[in-house]
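Here is a short briefing on how two protein chains sit together. Have a look at the model first, and then we can go through it by topic.

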Amino acid sequence: MATIGRDMREMLSEQWEYRELLYQMTLRDLLVRYKQSVMGFGWAIFMPLVNTVVFSVIFTQVATLDELGIPYVVYAYTGLLFWNFFASSLRFAVNSLSSNAVLVTKVYFPREIFPFSAILVCLVDMFVGASILVGLMIYYRIPVGLPLLFVPVLLIVQVVFTAGIALIVAMANLFLRDVKYIFEMVLTVWMFATSVVYPVDRIAGALGKLLRLNPMSPIIDGYRAVILRGEMPALGPLALAAGLALVTLVVGWVVFHRAEYQFAENA
Amino acid sequence: MAQPAILFDGVSKKFNRAQRFNSIRDLVPAMASGLFGRRKAEDELHGKEFWALHDVSFEVRPGEALGIIGPNGAGKSTALKILTRILRPDQGVAAVHGRVGALVEIAAGFHPDLTGRENVFMQGAIMGMKRAEILTKFDAIVDFAGVGEFIDTPVKRFSSGMNARLGFAVAAHLDPEVLLIDEVLSVGDLSFQEKCYERMQAFVRSGIAVAFVSHNLSAISSLCSRVLVLRRGRVEILAPTHEAITAYARLAQEGRVAELGGHEVTLVATDSIGAVVTEIDAGSAVTVRITAHPPAAEFYQAELNVRHLESGALIYRGQSGPAGAAPLALHGSRGLEIDWSFKANFGRGHYGVSCAILDERQRWVAVSAPILLTVNERQSEQALVFLQGTCEMRPLQTPSHASA
């Protein structure tokens with residue numbers, strides 16, 4: 001236990017020492033994306049928007065969802081915006097070590113920088129995409145209240161959880177290149193196991209109980225509560241999610257840190 | 001005595017020829033033992049493992065430059081990677097005290113779509129420079145790289161030389177206490193190489209500790225005071241530069257003998273009184289006696305090669321024939337003896353002298369392993385070639401004086 005404490009101090013002080021590199025790496029990835037694609041940051045809006053249209057057709061025309069209390073379009077867009085932040089961070093992170101093999105094998109700096117900067121890049125995308133949410137809320141005249149101040153707390157819990165998973169999948173993909181394909185599948189299933197485009201708590205029985213363990217549901221539901229409904233999030237499940245997120249990050253980071261010296265031999 | 005800035009104490013590192021993890025079945029227990037178990041420090045090899053470094057010890061003090069040389073696969077880069085913390089030794093202790101600057105893959109962080117300016121900040125951050133520090137040194141970096149007006153052009157439009165120059169320019173403006181260099185002089189054109197080289201000398205003179213890996217023996221011998229020769233992961237010799245390079249040259253020669261399949265031709269160098277020598281003074285007379293047992297042929301010619309080992313340059317190649325001995329027909333004789341005499345008008349350094357026997361169709365039929373000849377220089381002439389010319393000096397008559 002004492003060694004884990006020492007490792008964590010070392011990890012954090014290294015991150016602090018190399019904070020400017022994290023900034024530069026994030027800036028690099030943002031600049032590159034902006035320069036390489038015609039739409040640039042447009043993609044940040046486009047992706048959740050297309051999904052919103054698709055699911056709006058399914059859940060308002062084919063199988064109608066009732067008692068949501070808010071227009072389905074806003075419900076789905078909010079879910080997709082924050083889910084997309086989670087999923088694209090991880091899609092980006094899973095490749096981040098293996099696609100930077102030259103840097104990993106030749107230059108020393110804390111390798112956490114790669115998955116972390118992936119998350120920061122997607123966080124910027126998320127803020128860009130949030131502009132559409134603001135537009136939708138104005139269009140549907142959805143009032144906001146004080147619970148909105150809870151958004152940063154939810155974001156922190158989400159980022160902590162994302163970072164934990166990102167470290168694990170980035171590392172796993174370096175050792176085993178098929179991890180990214182497996183993980184892509186996991187993400188698809190995970191989305192439908194989360195309250196992204198429908199309230200997952202309507203699933204009952206054993207499966208429903210299992211799905212309660214998914215920390216992403218209370219986070220996404222929390223965003224909807226504080227942004228769209230003006231309510232406090234369900235604190236019990238959220239606290240559980242926060243605890244799970246923290247454990248994921250600590251375990252993921254310590255494992256990553258201890259395996260780090262093997263990266264250069266396997267990249 | 002100052003504290004060593006770089007310490008390598010009994011360092012061993014093993015690599016596996018096979019893929020490390022082939023399946024999730026292997027990965028999960030490895031991760032579990034990495035997290036909960038104690039790190040294994042085994043001193044035995046398993047399966048396809050081999051020692052990339054084995055029991056290597058050395059230290060470098062501030063103000064000292066250590067050269068690391070050795071044949072390919074000797075473990076030079078592995079040693080440097082352990083110092084830069086990219087790799088962790090399986091045994092022993094590797095420690096670096098002070099801020100480390102590494103001139104390894106100096107353009108590794110460059111992204112082709114970003115401009116020179118953006119990449120300078122990126123590469124600087126990778127090398128551990130702060131943004132404010134890069135800002136103050138930015139103009140000097142651009143100036144040093146000599147990329148001028150291209151600084152706002154994406155580096156994918158740069159020539160590979162410009163790319164490397166910009167990378168080195170960033171590295172050259174580091175302010176390290178310990179500098180690790182891995183064969184970076186081979187970038188850019190000749191004038192830029194000289195500039196890099198001067199900068200590295202300035203680094204050494206400024207009193208920092210330097211570890212320099214290179215195949216360029218002349219760069220090594222002018223930058224470093226001591227040299228570590230590695231072979232197959234082990235320390236062959238750790239000695240003052242001259243001594244170590246001599247040993248390394250001998251090592252390289254032995255390698256060549258094995259490659260050429262034995263001693264079909266033997267060489268011995270003798271001085272003017274007939275004594276066998278391996279070391280001579282510059283400008284003195286040498287006779288190389290060549291003994292060969294070539295396969296039967298119409299007639300034979302001998303070819304003599306002299307290679308400067310520090311630079312690898314072939315400085316002399318001559319064939320017997322019009323200039324030397326006439327081609328010799330060998331009818332039923334047991335062998336062939338050739339005396340090749342010349343004056344060693346070479347500069348101080350290490351030379352490999354080798355000989356080949358050619359048949360009537362100019363094919364090599366027998367080749368010698370090179371012998372090592374060390375030339376000591378005790379004259380006013382320096383560098384590689386001795387002209388042994390004459391020099392006269394006189395005052396110049398001024399034109400006004402002449403017209404008066």
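This is a predicted model: local features need pLDDT of at least 70, side-chain atom pairs count only at pLDDT 80 or more; totals for chains, interfaces and linings use all residues.

**Chain B and its interface with chain A**

Residues are numbered from 1 along each chain as its sequence is written, chains are lettered from A in the order in which they are written, and side-chain values use heavy atoms, with hydrogens and water left out.

**Chain B**

- Chain B has 9 helices and 18 strands (DSSP runs: H or I of at least four residues for helices, E of at least two for strands).
- Among its contacts (heavy atoms within 4.5 Å) between residues at least 6 apart in sequence, 73% link residues at least 24 apart.

**Extent of the interface**

- On the chain A side 34 residues are in contact with 35 residues of chain B.
- The buried area (accessible area, 1.4 Å probe, lost by two parts on being put together, summed over both) is about 3400 Å², with 63% from carbon and sulfur atoms.
- In chain A, Tyr108(A), Tyr261(A) and Glu265(A) lose the most area to chain B, together 18% of what that side buries.

**Links across the interface**

- There is 1 salt bridge between chain A and chain B (a side-chain nitrogen of Lys or Arg within 4 Å of a carboxyl oxygen of Asp or Glu).
- Arg85(B) and Glu14(A) form a salt bridge through their side chains, at 3.8 Å from N to O.
- Helix α2(A) gives the largest share of the side of chain A that touches chain B, with 10 residues.
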